[in-house]
2 protein chains.
Amino acid sequence: MVVIIDNASFDKRPIGVFDSGLGGLTALRQIYKALPCEQVVYFGDTGRVPYGTRSDETVIKYVNQDIRFISSFDIKLLLLACNTATSIALDRLKDSFGFPVIGVVENASTAAVNATKTGSVLVLGTSATIRSKSYIKRLNALNPAIEIYEQACPLLVPLVENGRYKVDDEIVRLILKEYLDPFKGKDIDTVILGCTHYPLLSEAVQRTVGDCVTLIDSGKEAVSSIHGMITPNEYADRRDDRFYVSDSVHNFEALAETLLGETIYGSVEKVDIDLY
Amino acid sequence: MVVIIDNASFDKRPIGVFDSGLGGLTALRQIYKALPCEQVVYFGDTGRVPYGTRSDETVIKYVNQDIRFISSFDIKLLLLACNTATSIALDRLKDSFGFPVIGVVENASTAAVNATKTGSVLVLGTSATIRSKSYIKRLNALNPAIEIYEQACPLLVPLVENGRYKVDDEIVRLILKEYLDPFKGKDIDTVILGCTHYPLLSEAVQRTVGDCVTLIDSGKEAVSSIHGMITPNEYADRRDDRFYVSDSVHNFEALAETLLGETIYGSVEKVDIDLY
(Lines give C-alpha, C1' and ligand atoms only; values in the text may rest on other atoms or scores of the structure.)
Protein backbone atom coordinates (compact mmCIF):
# COMPACT_ATOMS: atom_id res chain seq x y z
CA MET A 1 0.00 0.00 0.00
CA VAL A 2 1.30 3.44 -0.87
CA VAL A 3 0.48 6.26 1.56
CA ILE A 4 0.39 9.66 -0.08
CA ILE A 5 0.83 12.54 2.33
CA ASP A 6 -0.65 15.75 1.05
CA ASN A 7 1.51 18.52 2.49
CA ALA A 8 -1.05 21.11 1.54
CA SER A 9 -3.44 19.63 4.11
CA PHE A 10 -1.16 20.66 6.99
CA ASP A 11 -1.07 24.12 8.50
CA LYS A 12 2.48 24.88 9.50
CA ARG A 13 1.69 28.26 11.08
CA PRO A 14 2.44 28.43 14.81
CA ILE A 15 -0.02 28.80 17.66
CA GLY A 16 0.41 32.08 19.56
CA VAL A 17 0.41 31.88 23.35
CA PHE A 18 0.24 34.98 25.52
CA ASP A 19 0.51 35.53 29.26
CA SER A 20 1.21 38.52 31.49
CA GLY A 21 4.33 36.71 32.67
CA LEU A 22 5.43 33.17 33.25
CA GLY A 23 2.10 31.57 34.22
CA GLY A 24 1.22 30.80 30.61
CA LEU A 25 4.08 28.32 30.54
CA THR A 26 1.84 25.91 32.48
CA ALA A 27 -0.55 26.10 29.50
CA LEU A 28 2.37 25.69 27.09
CA ARG A 29 3.28 22.52 28.94
CA GLN A 30 -0.20 21.23 28.11
CA ILE A 31 0.27 22.14 24.42
CA TYR A 32 3.49 20.15 24.35
CA LYS A 33 1.57 17.14 25.73
CA ALA A 34 -1.71 17.40 23.83
CA LEU A 35 -0.54 18.99 20.55
CA PRO A 36 3.07 17.87 20.16
CA CYS A 37 3.11 18.66 16.43
CA GLU A 38 2.27 22.34 16.85
CA GLN A 39 4.87 25.09 16.76
CA VAL A 40 4.51 27.94 19.24
CA VAL A 41 5.23 31.68 19.48
CA TYR A 42 5.07 32.67 23.17
CA PHE A 43 4.96 36.20 24.53
CA GLY A 44 5.27 36.88 28.27
CA ASP A 45 4.93 40.51 29.36
CA THR A 46 7.53 40.05 32.09
CA GLY A 47 8.38 43.78 32.13
CA ARG A 48 4.85 44.67 33.30
CA VAL A 49 3.69 41.57 35.22
CA PRO A 50 1.50 41.27 37.30
CA TYR A 51 -1.75 42.24 35.51
CA GLY A 52 -4.09 40.92 38.19
CA THR A 53 -3.68 43.86 40.57
CA ARG A 54 -4.05 46.56 37.87
CA SER A 55 -7.16 48.41 36.69
CA ASP A 56 -9.32 47.27 33.75
CA GLU A 57 -8.20 50.22 31.62
CA THR A 58 -4.53 49.34 32.08
CA VAL A 59 -5.07 45.62 31.44
CA ILE A 60 -6.97 46.44 28.22
CA LYS A 61 -4.22 48.80 27.05
CA TYR A 62 -1.51 46.23 27.75
CA VAL A 63 -3.40 43.33 26.14
CA ASN A 64 -4.02 45.42 23.01
CA GLN A 65 -0.27 46.05 22.71
CA ASP A 66 0.51 42.40 23.43
CA ILE A 67 -1.84 41.15 20.72
CA ARG A 68 -0.60 43.71 18.21
CA PHE A 69 2.86 42.27 18.76
CA ILE A 70 1.96 38.58 18.66
CA SER A 71 -0.32 39.02 15.64
CA SER A 72 2.70 40.35 13.73
CA PHE A 73 3.55 36.66 13.36
CA ASP A 74 1.53 34.54 10.97
CA ILE A 75 -0.27 32.53 13.68
CA LYS A 76 -3.23 30.22 13.18
CA LEU A 77 -4.73 30.66 16.65
CA LEU A 78 -4.03 32.75 19.74
CA LEU A 79 -4.38 31.33 23.22
CA LEU A 80 -4.77 34.05 25.87
CA ALA A 81 -3.20 31.90 28.58
CA CYS A 82 -3.97 34.50 31.26
CA ASN A 83 -7.22 34.57 33.22
CA THR A 84 -6.92 38.30 33.95
CA ALA A 85 -6.49 39.18 30.26
CA THR A 86 -9.30 36.77 29.31
CA SER A 87 -11.66 38.14 31.95
CA ILE A 88 -11.08 41.82 31.22
CA ALA A 89 -10.27 41.97 27.52
CA LEU A 90 -11.32 38.85 25.55
CA ASP A 91 -14.90 39.94 24.72
CA ARG A 92 -13.58 43.18 23.24
CA LEU A 93 -10.98 41.38 21.17
CA LYS A 94 -12.05 38.02 19.93
CA ASP A 95 -13.64 39.08 16.63
CA SER A 96 -10.98 41.63 15.69
CA PHE A 97 -8.42 39.33 14.11
CA GLY A 98 -8.09 36.97 11.19
CA PHE A 99 -7.42 34.05 13.54
CA PRO A 100 -9.40 32.57 16.45
CA VAL A 101 -8.59 34.00 19.89
CA ILE A 102 -9.46 31.71 22.78
CA GLY A 103 -9.29 32.42 26.47
CA VAL A 104 -9.03 30.26 29.55
CA VAL A 105 -12.33 30.99 31.34
CA GLU A 106 -14.87 29.27 29.10
CA ASN A 107 -13.49 25.74 29.02
CA ALA A 108 -12.53 25.81 32.70
CA SER A 109 -16.13 26.73 33.52
CA THR A 110 -17.49 23.88 31.38
CA ALA A 111 -15.09 21.43 33.03
CA ALA A 112 -16.16 22.61 36.49
CA VAL A 113 -19.87 22.22 35.70
CA ASN A 114 -19.17 18.73 34.38
CA ALA A 115 -17.04 17.80 37.39
CA THR A 116 -19.17 18.97 40.31
CA LYS A 117 -21.58 16.58 41.95
CA THR A 118 -22.46 18.77 44.94
CA GLY A 119 -23.15 21.75 42.66
CA SER A 120 -20.80 23.98 44.71
CA VAL A 121 -17.78 25.41 42.90
CA LEU A 122 -15.01 27.69 44.22
CA VAL A 123 -13.16 30.02 41.84
CA LEU A 124 -9.68 31.23 42.81
CA GLY A 125 -8.24 34.11 40.80
CA THR A 126 -6.44 37.44 40.75
CA SER A 127 -8.21 40.53 42.08
CA ALA A 128 -8.99 41.66 38.51
CA THR A 129 -10.39 38.27 37.46
CA ILE A 130 -12.67 38.06 40.50
CA ARG A 131 -13.74 41.72 40.12
CA SER A 132 -14.74 41.02 36.49
CA LYS A 133 -17.23 38.25 37.50
CA SER A 134 -16.18 36.42 34.31
CA TYR A 135 -16.48 33.01 35.95
CA ILE A 136 -19.83 33.80 37.60
CA LYS A 137 -21.27 34.87 34.23
CA ARG A 138 -20.00 31.79 32.44
CA LEU A 139 -20.91 29.28 35.14
CA ASN A 140 -24.39 30.78 35.51
CA ALA A 141 -24.90 30.62 31.74
CA LEU A 142 -24.00 26.93 31.76
CA ASN A 143 -26.06 26.04 34.83
CA PRO A 144 -27.91 28.67 36.87
CA ALA A 145 -28.28 26.21 39.75
CA ILE A 146 -24.54 26.07 40.46
CA GLU A 147 -23.57 27.60 43.82
CA ILE A 148 -20.50 29.74 43.08
CA TYR A 149 -17.96 30.94 45.63
CA GLU A 150 -15.06 33.21 44.69
CA GLN A 151 -11.80 34.19 46.33
CA ALA A 152 -9.30 36.81 45.12
CA CYS A 153 -5.78 35.61 45.94
CA PRO A 154 -3.46 38.58 45.25
CA LEU A 155 -0.45 37.08 47.01
CA LEU A 156 -0.27 33.87 44.97
CA VAL A 157 1.23 35.31 41.76
CA PRO A 158 4.10 37.04 43.63
CA LEU A 159 4.75 33.79 45.49
CA VAL A 160 4.97 31.72 42.29
CA GLU A 161 6.98 34.38 40.42
CA ASN A 162 9.46 34.16 43.31
CA GLY A 163 9.64 30.39 42.99
CA ARG A 164 7.54 29.77 46.12
CA TYR A 165 4.95 27.08 45.39
CA LYS A 166 6.19 23.83 46.93
CA VAL A 167 3.82 21.84 49.10
CA ASP A 168 6.15 21.88 52.11
CA ASP A 169 6.64 25.70 52.04
CA GLU A 170 5.21 27.03 55.32
CA ILE A 171 4.40 30.48 53.87
CA VAL A 172 2.56 28.90 50.94
CA ARG A 173 0.64 26.66 53.33
CA LEU A 174 -0.45 29.54 55.57
CA ILE A 175 -1.47 31.86 52.72
CA LEU A 176 -3.52 29.09 51.10
CA LYS A 177 -5.12 28.28 54.46
CA GLU A 178 -6.11 31.94 54.82
CA TYR A 179 -7.66 32.01 51.34
CA LEU A 180 -9.38 28.63 51.56
CA ASP A 181 -10.49 28.20 55.17
CA PRO A 182 -13.53 30.52 54.81
CA PHE A 183 -15.08 27.96 52.44
CA LYS A 184 -14.97 24.98 54.78
CA GLY A 185 -18.40 23.40 55.23
CA LYS A 186 -19.73 24.84 51.95
CA ASP A 187 -19.90 21.39 50.33
CA ILE A 188 -17.49 22.50 47.58
CA ASP A 189 -16.17 19.57 45.52
CA THR A 190 -14.62 21.53 42.61
CA VAL A 191 -12.05 24.33 42.68
CA ILE A 192 -11.19 26.30 39.53
CA LEU A 193 -7.54 27.38 39.50
CA GLY A 194 -8.49 30.59 37.71
CA CYS A 195 -4.96 31.83 37.02
CA THR A 196 -2.33 30.05 34.95
CA HIS A 197 0.20 30.52 37.75
CA TYR A 198 -1.89 28.40 40.11
CA PRO A 199 -1.30 24.92 38.61
CA LEU A 200 2.18 25.19 40.14
CA LEU A 201 0.37 25.31 43.49
CA SER A 202 -1.84 22.28 42.70
CA GLU A 203 -0.22 19.99 45.21
CA ALA A 204 -0.35 22.61 47.97
CA VAL A 205 -3.99 23.50 47.17
CA GLN A 206 -4.97 19.83 47.07
CA ARG A 207 -3.44 19.27 50.49
CA THR A 208 -5.39 22.25 51.87
CA VAL A 209 -8.80 21.31 50.43
CA GLY A 210 -8.44 17.53 50.63
CA ASP A 211 -8.17 14.75 48.07
CA CYS A 212 -11.90 14.53 47.31
CA VAL A 213 -11.96 17.97 45.68
CA THR A 214 -11.38 18.21 41.91
CA LEU A 215 -8.99 20.96 40.79
CA ILE A 216 -9.64 22.48 37.35
CA ASP A 217 -6.53 23.70 35.46
CA SER A 218 -7.77 26.55 33.22
CA GLY A 219 -4.84 26.31 30.81
CA LYS A 220 -5.19 22.56 30.39
CA GLU A 221 -8.94 22.85 29.67
CA ALA A 222 -8.37 25.59 27.07
CA VAL A 223 -5.67 23.56 25.32
CA SER A 224 -7.95 20.51 25.15
CA SER A 225 -10.37 22.59 23.08
CA ILE A 226 -7.78 23.72 20.51
CA HIS A 227 -7.62 20.33 18.81
CA GLY A 228 -10.92 20.78 16.96
CA MET A 229 -10.27 24.40 16.02
CA ILE A 230 -7.14 24.16 13.88
CA THR A 231 -5.70 22.34 10.92
CA PRO A 232 -2.79 20.50 12.51
CA ASN A 233 0.86 20.88 11.68
CA GLU A 234 2.80 17.96 10.29
CA TYR A 235 5.61 18.08 12.81
CA ALA A 236 7.05 20.65 15.19
CA ASP A 237 10.71 21.04 15.89
CA ARG A 238 10.77 22.50 19.40
CA ARG A 239 14.00 24.32 18.54
CA ASP A 240 11.93 26.48 16.20
CA ASP A 241 9.58 27.64 18.96
CA ARG A 242 10.01 31.34 19.63
CA PHE A 243 9.78 32.98 23.03
CA TYR A 244 9.51 36.74 23.52
CA VAL A 245 9.59 38.66 26.79
CA SER A 246 9.49 42.35 27.70
CA ASP A 247 12.07 42.13 30.52
CA SER A 248 15.50 40.52 30.30
CA VAL A 249 15.90 37.15 28.63
CA HIS A 250 18.14 35.99 31.46
CA ASN A 251 15.51 36.50 34.18
CA PHE A 252 12.97 34.62 32.05
CA GLU A 253 15.10 31.58 31.35
CA ALA A 254 15.92 31.07 35.01
CA LEU A 255 12.36 30.38 36.13
CA ALA A 256 10.78 29.34 32.83
CA GLU A 257 12.28 25.89 32.69
CA THR A 258 10.93 25.14 36.17
CA LEU A 259 7.44 26.23 35.18
CA LEU A 260 7.58 24.49 31.83
CA GLY A 261 8.95 21.30 33.37
CA GLU A 262 11.53 20.89 30.60
CA THR A 263 14.37 22.63 28.75
CA ILE A 264 13.54 25.58 26.52
CA TYR A 265 14.81 24.62 23.08
CA GLY A 266 13.63 27.54 20.97
CA SER A 267 14.97 31.08 20.78
CA VAL A 268 14.27 33.65 23.52
CA GLU A 269 14.31 37.34 22.60
CA LYS A 270 13.43 40.61 24.26
CA VAL A 271 10.81 42.88 22.71
CA ASP A 272 10.13 46.56 23.39
CA ILE A 273 6.38 46.11 23.92
CA ASP A 274 5.51 49.78 24.31
CA LEU A 275 6.39 50.28 20.64
CA TYR A 276 3.23 48.25 19.79
CA MET B 1 10.19 96.98 64.07
CA VAL B 2 9.15 96.53 60.45
CA VAL B 3 9.88 93.16 58.88
CA ILE B 4 10.31 93.29 55.13
CA ILE B 5 9.78 89.99 53.38
CA ASP B 6 11.55 89.78 50.04
CA ASN B 7 9.40 87.52 47.84
CA ALA B 8 12.22 87.14 45.37
CA SER B 9 14.21 85.21 47.94
CA PHE B 10 11.71 82.34 47.93
CA ASP B 11 11.70 79.55 45.37
CA LYS B 12 8.10 78.56 44.71
CA ARG B 13 8.96 75.72 42.36
CA PRO B 14 7.82 72.30 43.63
CA ILE B 15 9.97 69.37 44.70
CA GLY B 16 9.56 66.34 42.44
CA VAL B 17 9.17 62.96 44.14
CA PHE B 18 9.30 59.70 42.22
CA ASP B 19 8.66 56.09 43.21
CA SER B 20 7.94 52.88 41.31
CA GLY B 21 4.60 52.78 43.09
CA LEU B 22 3.21 53.80 46.42
CA GLY B 23 6.27 53.33 48.64
CA GLY B 24 7.49 56.87 47.97
CA LEU B 25 4.50 58.16 49.89
CA THR B 26 6.33 57.23 53.09
CA ALA B 27 9.03 59.71 51.99
CA LEU B 28 6.39 62.27 51.07
CA ARG B 29 5.05 61.95 54.61
CA GLN B 30 8.50 62.99 55.82
CA ILE B 31 8.51 66.00 53.45
CA TYR B 32 5.17 67.11 54.89
CA LYS B 33 6.73 66.94 58.37
CA ALA B 34 10.19 68.35 57.72
CA LEU B 35 9.51 70.76 54.84
CA PRO B 36 5.89 71.85 55.31
CA CYS B 37 6.31 74.90 53.09
CA GLU B 38 7.34 72.94 50.00
CA GLN B 39 4.97 72.06 47.19
CA VAL B 40 5.26 68.62 45.61
CA VAL B 41 4.79 66.89 42.26
CA TYR B 42 4.62 63.13 42.86
CA PHE B 43 4.82 60.43 40.20
CA GLY B 44 4.16 56.77 41.07
CA ASP B 45 4.62 54.27 38.24
CA THR B 46 1.71 52.16 39.49
CA GLY B 47 1.13 50.65 36.04
CA ARG B 48 4.57 48.98 36.08
CA VAL B 49 5.30 48.45 39.77
CA PRO B 50 7.22 46.51 41.14
CA TYR B 51 10.69 47.51 39.89
CA GLY B 52 12.63 45.44 42.43
CA THR B 53 12.18 42.11 40.66
CA ARG B 54 13.04 43.40 37.17
CA SER B 55 16.37 43.51 35.34
CA ASP B 56 18.75 46.49 35.42
CA GLU B 57 18.07 47.30 31.76
CA THR B 58 14.32 47.49 32.34
CA VAL B 59 14.67 49.57 35.53
CA ILE B 60 16.95 52.03 33.69
CA LYS B 61 14.53 52.32 30.77
CA TYR B 62 11.58 52.93 33.09
CA VAL B 63 13.42 55.45 35.29
CA ASN B 64 14.52 57.40 32.19
CA GLN B 65 10.90 57.67 31.08
CA ASP B 66 9.77 58.58 34.62
CA ILE B 67 12.32 61.39 34.92
CA ARG B 68 11.56 62.70 31.42
CA PHE B 69 7.96 63.03 32.60
CA ILE B 70 8.61 64.58 35.99
CA SER B 71 11.22 66.98 34.64
CA SER B 72 8.54 68.38 32.32
CA PHE B 73 7.48 70.29 35.43
CA ASP B 74 9.59 73.19 36.61
CA ILE B 75 10.94 71.43 39.73
CA LYS B 76 13.74 72.64 41.96
CA LEU B 77 14.89 69.19 43.11
CA LEU B 78 14.02 65.58 42.37
CA LEU B 79 13.88 62.96 45.11
CA LEU B 80 14.18 59.42 43.75
CA ALA B 81 12.18 57.95 46.63
CA CYS B 82 12.82 54.41 45.43
CA ASN B 83 15.83 52.38 46.50
CA THR B 84 15.72 50.19 43.39
CA ALA B 85 15.75 53.23 41.06
CA THR B 86 18.47 54.87 43.16
CA SER B 87 20.63 51.75 43.24
CA ILE B 88 20.39 50.93 39.54
CA ALA B 89 20.00 54.28 37.82
CA LEU B 90 21.05 57.29 39.97
CA ASP B 91 24.74 57.32 39.04
CA ARG B 92 23.82 57.42 35.34
CA LEU B 93 21.35 60.25 35.87
CA LYS B 94 22.33 62.67 38.55
CA ASP B 95 24.32 65.10 36.41
CA SER B 96 21.95 65.10 33.44
CA PHE B 97 19.45 67.68 34.62
CA GLY B 98 19.28 71.33 35.56
CA PHE B 99 18.14 70.45 39.08
CA PRO B 100 19.69 68.27 41.79
CA VAL B 101 18.61 64.60 41.79
CA ILE B 102 19.00 62.87 45.14
CA GLY B 103 18.48 59.23 45.96
CA VAL B 104 17.73 57.34 49.15
CA VAL B 105 20.86 55.20 49.56
CA GLU B 106 23.50 57.77 50.49
CA ASN B 107 21.89 59.37 53.52
CA ALA B 108 20.55 56.06 54.84
CA SER B 109 24.10 54.71 54.72
CA THR B 110 25.47 57.72 56.58
CA ALA B 111 22.74 57.39 59.21
CA ALA B 112 23.52 53.69 59.67
CA VAL B 113 27.25 54.32 60.09
CA ASN B 114 26.47 57.01 62.66
CA ALA B 115 23.97 54.78 64.49
CA THR B 116 25.85 51.51 64.82
CA LYS B 117 27.89 50.83 67.94
CA THR B 118 28.58 47.15 67.23
CA GLY B 119 29.72 47.95 63.67
CA SER B 120 27.34 45.33 62.26
CA VAL B 121 24.63 46.60 59.88
CA LEU B 122 21.91 44.66 58.06
CA VAL B 123 20.48 45.99 54.77
CA LEU B 124 17.01 44.85 53.69
CA GLY B 125 16.01 45.60 50.10
CA THR B 126 14.46 44.41 46.87
CA SER B 127 16.27 41.80 44.79
CA ALA B 128 17.50 44.52 42.40
CA THR B 129 18.79 46.77 45.22
CA ILE B 130 20.70 43.94 46.88
CA ARG B 131 22.05 42.69 43.53
CA SER B 132 23.39 46.22 42.79
CA LYS B 133 25.55 46.25 45.96
CA SER B 134 24.74 49.99 46.23
CA TYR B 135 24.62 49.89 50.03
CA ILE B 136 27.81 47.81 50.33
CA LYS B 137 29.69 50.33 48.16
CA ARG B 138 28.41 53.32 50.10
CA LEU B 139 28.85 51.84 53.57
CA ASN B 140 32.35 50.63 52.72
CA ALA B 141 33.26 54.09 51.41
CA LEU B 142 32.10 55.64 54.67
CA ASN B 143 33.74 53.09 56.93
CA PRO B 144 35.55 50.03 55.57
CA ALA B 145 35.44 48.39 59.02
CA ILE B 146 31.64 48.07 59.03
CA GLU B 147 30.42 44.46 58.89
CA ILE B 148 27.61 44.48 56.31
CA TYR B 149 24.90 41.84 55.98
CA GLU B 150 22.29 41.96 53.24
CA GLN B 151 18.94 40.29 52.66
CA ALA B 152 16.77 40.49 49.52
CA CYS B 153 13.11 40.48 50.56
CA PRO B 154 11.11 40.04 47.33
CA LEU B 155 7.81 39.28 49.07
CA LEU B 156 7.63 42.47 51.15
CA VAL B 157 6.59 44.90 48.39
CA PRO B 158 3.68 42.67 47.23
CA LEU B 159 2.60 42.38 50.88
CA VAL B 160 2.58 46.14 51.44
CA GLU B 161 0.97 46.89 48.05
CA ASN B 162 -1.82 44.53 49.15
CA GLY B 163 -2.23 46.40 52.43
CA ARG B 164 -0.54 43.65 54.48
CA TYR B 165 1.91 45.23 56.92
CA LYS B 166 0.31 45.26 60.34
CA VAL B 167 2.28 43.95 63.30
CA ASP B 168 -0.35 41.34 64.22
CA ASP B 169 -0.55 39.89 60.66
CA GLU B 170 0.60 36.27 60.92
CA ILE B 171 1.80 36.10 57.30
CA VAL B 172 3.84 39.29 57.74
CA ARG B 173 5.31 37.90 60.97
CA LEU B 174 6.36 34.61 59.37
CA ILE B 175 7.84 36.16 56.23
CA LEU B 176 9.87 38.64 58.32
CA LYS B 177 11.02 35.80 60.56
CA GLU B 178 12.22 33.90 57.48
CA TYR B 179 14.14 36.93 56.19
CA LEU B 180 15.59 38.00 59.55
CA ASP B 181 16.26 34.81 61.51
CA PRO B 182 19.47 33.98 59.57
CA PHE B 183 21.09 37.08 61.13
CA LYS B 184 20.52 36.19 64.76
CA GLY B 185 23.75 36.17 66.74
CA LYS B 186 25.56 38.47 64.27
CA ASP B 187 25.65 41.37 66.76
CA ILE B 188 23.63 43.57 64.39
CA ASP B 189 22.34 46.75 66.07
CA THR B 190 21.26 48.70 62.95
CA VAL B 191 18.90 47.64 60.16
CA ILE B 192 18.52 49.75 57.01
CA LEU B 193 14.97 49.59 55.62
CA GLY B 194 16.35 49.83 52.08
CA CYS B 195 13.01 50.21 50.30
CA THR B 196 10.49 53.01 50.78
CA HIS B 197 7.71 50.46 51.22
CA TYR B 198 9.38 49.02 54.32
CA PRO B 199 8.72 51.86 56.83
CA LEU B 200 5.12 50.61 56.81
CA LEU B 201 6.56 47.39 58.25
CA SER B 202 8.62 49.19 60.93
CA GLU B 203 6.58 47.96 63.85
CA ALA B 204 6.60 44.38 62.59
CA VAL B 205 10.36 44.48 61.86
CA GLN B 206 11.08 46.01 65.27
CA ARG B 207 9.15 43.23 66.99
CA THR B 208 11.14 40.62 65.03
CA VAL B 209 14.61 42.08 65.67
CA GLY B 210 13.96 43.47 69.16
CA ASP B 211 13.78 46.97 70.63
CA CYS B 212 17.56 47.49 70.92
CA VAL B 213 18.03 47.54 67.14
CA THR B 214 17.89 50.91 65.33
CA LEU B 215 15.83 50.96 62.13
CA ILE B 216 16.93 53.42 59.42
CA ASP B 217 14.17 54.85 57.22
CA SER B 218 15.83 55.63 53.87
CA GLY B 219 13.16 58.12 52.79
CA LYS B 220 13.31 60.02 56.06
CA GLU B 221 17.10 60.30 55.91
CA ALA B 222 17.01 61.57 52.32
CA VAL B 223 14.39 64.18 53.18
CA SER B 224 16.46 65.43 56.11
CA SER B 225 19.24 66.29 53.65
CA ILE B 226 17.02 68.33 51.30
CA HIS B 227 16.82 71.28 53.68
CA GLY B 228 20.31 72.55 52.88
CA MET B 229 20.02 71.96 49.15
CA ILE B 230 17.14 74.22 48.18
CA THR B 231 15.90 77.76 48.48
CA PRO B 232 12.71 77.27 50.46
CA ASN B 233 9.20 78.14 49.40
CA GLU B 234 7.23 80.75 51.27
CA TYR B 235 4.19 78.63 51.89
CA ALA B 236 2.68 75.49 50.34
CA ASP B 237 -1.00 74.94 49.89
CA ARG B 238 -1.35 71.16 49.99
CA ARG B 239 -4.31 71.44 47.62
CA ASP B 240 -1.86 72.53 44.93
CA ASP B 241 0.24 69.35 45.23
CA ARG B 242 0.01 67.26 42.10
CA PHE B 243 -0.01 63.45 42.02
CA TYR B 244 0.45 61.46 38.83
CA VAL B 245 0.16 57.70 38.40
CA SER B 246 0.42 55.34 35.41
CA ASP B 247 -2.46 53.07 36.47
CA SER B 248 -5.96 54.17 37.44
CA VAL B 249 -6.40 57.09 39.80
CA HIS B 250 -9.03 55.17 41.76
CA ASN B 251 -6.68 52.29 42.69
CA PHE B 252 -4.05 54.81 43.81
CA GLU B 253 -6.30 56.85 46.06
CA ALA B 254 -7.55 53.80 47.91
CA LEU B 255 -4.18 52.82 49.36
CA ALA B 256 -2.34 56.16 49.15
CA GLU B 257 -4.05 57.79 52.09
CA THR B 258 -3.14 54.84 54.30
CA LEU B 259 0.51 55.05 53.29
CA LEU B 260 0.60 58.81 53.51
CA GLY B 261 -1.13 58.83 56.88
CA GLU B 262 -3.44 61.67 55.87
CA THR B 263 -5.92 62.83 53.24
CA ILE B 264 -4.65 63.60 49.74
CA TYR B 265 -5.60 67.20 49.10
CA GLY B 266 -4.01 67.87 45.72
CA SER B 267 -5.06 66.67 42.26
CA VAL B 268 -4.49 63.07 41.10
CA GLU B 269 -4.16 62.36 37.39
CA LYS B 270 -3.23 59.46 35.18
CA VAL B 271 -0.30 59.75 32.76
CA ASP B 272 0.55 57.56 29.78
CA ILE B 273 4.16 57.01 30.81
CA ASP B 274 5.26 55.07 27.73
CA LEU B 275 4.83 58.26 25.69
CA TYR B 276 7.90 59.64 27.53
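**A friendly note on this predicted model**

1. Strand E5 (residues 120-125) of chain A pairs with E6(A) in the parallel sense, over six bridges. To find the pairing in the viewer, look for Ser120(A), which stands opposite Glu147(A) in E6(A).

2. Chain A has another parallel pair to look at. Strand E9 (residues 242-245) and strand E10 (residues 267-270) of chain A are joined by four bridges in the parallel sense. Here Val245(A) stands opposite Lys270(A) in E10(A). Together with helix H11 (residues 249-260) of chain A, E9(A) and E10(A) make a right-handed β-α-β unit.

3. Next, the domains. The domain assignment of chain A gives domain 1 (9-103 + 222-275) and domain 2 (106-218). Their C-alpha centres lie 23 Å apart. Across the boundary, 28 residues of domain 1 of chain A are in contact with 20 residues of domain 2 of chain A. Which elements give two or more residues to the domain 1 side? They are helix H1 (24-34), helix H3 (83-93), helix H10 (218-226) and H11 of chain A. H3(A) gives the most, with five residues. By residue type, the domain 1 side divides into 12 nonpolar, 14 polar and two charged residues.

4. How do the two chains relate? A rotation of 180 degrees, with 0.0 Å of shift along its axis, superposes chain B on chain A with an RMSD of 0.0 Å. That is the relation of a two-fold axis. In chain B, the C-alpha nearest the axis belongs to Arg48(B), at 2.6 Å from it.

5. The chains also touch: 20 residues of chain B are in contact with 20 residues of chain A. On the chain B side, the elements giving two or more residues are helix H2 (56-70), helix H8 (170-180) and helix H11 (249-260) of chain B. H8(B) provides the largest share, five residues. That side of chain B is made up of six nonpolar, seven polar and seven charged residues. Because 100% of the interface residues of chain B are also interface residues in chain A, the copies meet through the same surface.

6. Finally, some backbone details to check. Most residues other than glycine have a negative phi, and most peptide bonds are trans. A cis peptide bond joins Val49(A) and Pro50(A), with omega about 5 degrees. Pro50(A) sits in the loop between strand E2 (40-44) and helix H2 (56-70) of chain A. In chain B, a cis peptide bond joins Val49(B) and Pro50(B), with omega about 0 degrees. Asp187(A) is not a glycine, yet has a positive phi of about 65 degrees. You will find Asp187(A) in the loop between helix H8 (170-180) and E7 of chain A.

Conventions. Residues numbered from 1 in each chain as written. Chains lettered and ligands numbered in written order. Predicted model: local features only at pLDDT ≥ 70, side-chain atom pairs only at ≥ 80, totals over all residues. Pairing = 2+ DSSP bridges. Contact = placed C-beta atoms within 7 Å. Nonpolar A, V, L, I, M, F, W, Y, C, P; charged D, E, K, R; others polar. Right-handed = clockwise from strand over helix to strand, strands pointing away. Domains from an automatic or database assignment. Least-squares fit on C-alpha atoms with pLDDT ≥ 70 in both.
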